[in-house]
Amino acid sequence: MIGVTAGGAMAVSWYVTPEKAPKNPQKPASWGLTAQLTTIVKVNGQEYRHPQQFDNYRVYVVPKNSKGSFKIAIGRFPIGTYHVKIATNKGFKIYPSMVKSLGSEEWEYQGVRYNAGYPFYEFSTPHHGWWASSSFEVPVEFNKKTGILVYGYIGGDPVETAIAGGLGGTIGGILAAGLELPSAVGALLGAIAGTEFSIDVFVIVPSG
């Protein structure tokens with residue numbers, strides 16, 4: 001698989017399996033104007049961590065129908081209500097109403113909205129200070145191959161604006177985890193550059 005950078009250069013993705021779970025410390029998975037957002041994938045209680053950079057997307061090969069969660073960690077997020085959305089394929093099982101806040105900041109599930117034919121699950125927390133960190137966890141079941149788009153923002157939703165501007169097919173390419181994933185991610189980044197966002201893209205491949 002080929003990763004992607006905003007400038008179009010090639011970068012290496014990582015394949016993660018239980019037998020070769022990397023021991024590298026967690027690093028920010030994405031860059032944003034107001035926050036850094038990191039997604040940690042947990043499978044059957046095991047956290048999958050490895051080098052994470054904005055210019056790489058990741059592929060997680062996990063046991064089919066295993067249970068786990070996405071843990072979303074936010075660092076340096078701004079004053080005001082902060083939103084995080086998780087977009088997946090429609091058949092992928094996610095249990096957003098079972099969201100669990102992992103710190104003093106209370107995260108709440110705000111519902112699901114379909115954009116470009118895909119579900120976007122929204123979570124938010126009010127925040128009143130700078131240079132804080134917060135995290136929450138959402139249960140999932142690894143039953144279907146899917147691209148995952150996780151992003152955070154304040155104010156207007158930059159991805160929703162990009163879809164309204166004609167990038168619905170591009171978002172579909174990301175979530176379908178198709179062969180055009182690198183160019184699709186690049187197009188999305190170009191469309192929302194300059195907005196107050198933080199973004200993370202990875203792929204789940206159930207196997208066995």
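This is a predicted model: local features need pLDDT of at least 70, side-chain atom pairs count only at pLDDT 80 or more; totals for chains, interfaces and linings use all residues.
Okay, one term before we start: a residue is called buried when its relative accessible area is under 20%, exposed when that value is over 50%, and partly exposed in between. What does Glu160 count as? Its relative accessibility is 23%, so Glu160 counts as partly exposed.

The protein has 208 residues, and 52% of them count as buried. In terms of secondary structure, you get 2 helices and 13 strands. And if you take the contacts with a separation of 6 or more, 78% of them are between residues 24 or more positions apart.

Now, on to charges. Side chains of opposite charge can pair when their charged atoms come close. How many salt bridges does this model have? The count is 6. I'll walk you through some of them.

Start with Glu141 and Lys67. They form a salt bridge, with 3.3 Å between the closest N and O atoms. Glu141 sits in strand β11, residues 132-142, while Lys67 sits in strand β5, residues 66-77, and the two are 74 residues apart. Are these two buried or exposed? Well, Glu141 has 10% relative accessibility, so it counts as buried. Lys67 is at 52%, so that one counts as exposed.

Next, have a look at Lys85. Its side chain meets that of Asp157 in a salt bridge, at 2.8 Å from N to O. Here too the pair links distant parts of the chain: Lys85 is in strand β6, residues 82-87, and Asp157 is in the loop between β12 and α1, 72 residues away. Both Asp157 and Lys85 are buried.

And Lys85 has another partner, which brings us back to Glu160. Glu160 and Lys85 form a salt bridge as well, with the closest N and O atoms 3.8 Å apart. Glu160 lies in helix α1 and Lys85 in strand β6, so this pair ties together parts that are 75 residues apart in sequence. Why does Lys85 count as buried? Because its relative accessibility is 4%, and the cut-off for buried is under 20%.

Last thing. Salt bridges with shared partners join Lys85, Arg113, Asp157 and Glu160 into one network. Okay, that's me done!

Methods:
Residues are numbered from 1 along each chain as its sequence is written. Side-chain values use heavy atoms; hydrogens and water are left out. Helices (H or I, at least four residues) and strands (E, at least two) are DSSP runs, numbered from the N terminus. Buried means under 20% relative accessible area, exposed over 50%, partly exposed in between (1.4 Å probe, protein chains only). Contact means heavy atoms within 4.5 Å. A salt bridge is a side-chain nitrogen of Lys or Arg within 4 Å of a carboxyl oxygen of Asp or Glu.
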